[in-house]
Amino acid sequence: MVGRAGSGLSLTVMSGSHQEAMMKISRLVSGGIVTLSAMAWAGTAAADAAAGRAKFDAVCAECHEAADFEGEDAAALSASLKKIVGGQMKHKQALKLSDAEIADLAAYMSAGK
Ligand code: HEC
C-alpha cells in the first residue's frame, strides 16, 4: 500500500505534459523491463546480414572477400570495426559506419556469405 500511495503522490506532484509523458514512459519501462531487455537481446542477434552484404559489396568488396572473415566472432568484428571507424585501429581506408551498419556487416562477415 505504501508503494501505491507513493506513486500516486509523485503523479500529482509532477505537472506539465512533458513530465506526464515521462512518467508514462517510466511506468511503461518499469512494467516492461523484462520485455525490453529481451527485445534488446533479440535486436543484437537479429542484425541484418542481408543489409550487411549489400554494404560490404558496395564498400568493402573492392579490397576484401567476406569469406576471409568467415568464422570470426561477430562481436569481435564489431569491436574492430568500431575502432576502425573511431580511428583507433589502423586501416587502409577510413570507414564511416553507423552502429547498425557495423552490426549488419559483422553478422554478414562472420557468416562469410
Ligand atoms: C581500400 C581497400 C580497403 C577497403 C575499401 C576496406 N578495407 Fe578493410 N582492410 C584493408 C587492408 C589492406 C587491411 C589490412 C590491415 C591494414 O590496413 O593494414 C584491412 C583490414 C580490415 C580489418 C581488420 C582485419 C583484422 O586484422 O582483424 C577489418 C575488420 C576490415 N578491414 C573490415 C573492412 C570493412 C568492413 C570494410 C568495408 C566497410 C573494409 N574493411 C574496407 C583494406 C580495405
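The model is predicted: local features need pLDDT of at least 70, side-chain atom pairs count only at pLDDT 80 or more, and totals for chains, interfaces and linings use all residues. Residue numbers start from 1 along each chain, as its sequence is written.

**Overall fold**

The protein chain has 6 helices and 0 strands. Its elements run α-α-α-α-α-α from the N terminus on. Helices here are DSSP runs (H or I, at least four residues), strands likewise (E, at least two), numbered from the N terminus. Of the 113 residues in the protein chain, 17% are buried. A residue is buried if 20 or more other C-beta atoms lie within 10 Å of its own, exposed if 12 or fewer, and partly exposed in between; C-beta atoms are placed from the backbone. Take the contacts between residues at least 6 apart in sequence: 74% of them join residues at least 24 apart. A contact means that the C-beta atoms of two residues, placed from the backbone, lie within 7 Å.

**Helix 6**

Helix 6 spans residues 99-111. Its 13 residues reach 18 Å from first C-alpha to last, close to the expected 18 Å. That expected span is 1.5 Å times one less than the number of residues. The helix is mostly covered, with 10 of its 13 residues buried. Among them are Glu101, Asp104 and Ser110. The buried residues pack against helix 4 (49-60) and helix 5 (74-86). Gly112 follows helix 6 and has a positive phi, near 75 degrees.

**Nonpolar core**

The largest nonpolar core has 14 residues. Such a core is a set of buried Ala, Val, Leu, Ile, Met, Phe, Trp, Tyr and Cys residues joined through C-beta atoms within 7 Å. Leu105, Ala106, Ala107, Tyr108 and Met109 have the most contacts inside this core. Helix 4, helix 5 and helix 6 each give two or more residues to the core. The largest share, 7 residues, comes from helix 6. Met109 also shows its partners beyond four places in sequence: Gly52, Phe56, Ala66, Phe69, Glu72 and Leu77.

**Ligand shell**

The ligand is surrounded by 14 residues. The closest are Val59, Cys60, Cys63, Lys92 and Gln93. A residue counts as near if its C-beta atom, placed from the backbone, lies within 6 Å of the molecule. Helix 4 and helix 5 each supply at least two residues of the shell. Helix 5 gives the most, with 3 residues. By class, the shell holds 7 nonpolar, 4 polar and 3 charged residues. Ala, Val, Leu, Ile, Met, Phe, Trp, Tyr, Cys and Pro count as nonpolar, Asp, Glu, Lys and Arg as charged, and the others, Gly among them, as polar.

Ile84 lies in helix 5. It is partly exposed because it has 19 C-beta neighbours inside 10 Å. Beyond four places in sequence, Ile84 touches Met89, His91 and Leu95. Lys113 sits in the segment after helix 6. Lys113 is exposed, because 9 other C-beta atoms lie within 10 Å. Its contacts beyond four places in sequence are Ala66 and Ala67. The table gives a C-alpha pair for each residue.

| C-alpha pair | Separation along the chain | C-alpha distance |
|---|---|---|
| Ile84 and Lys96 | 12 residues | 8.7 Å |
| Lys113 and Ala50 | 63 residues | 9.4 Å |
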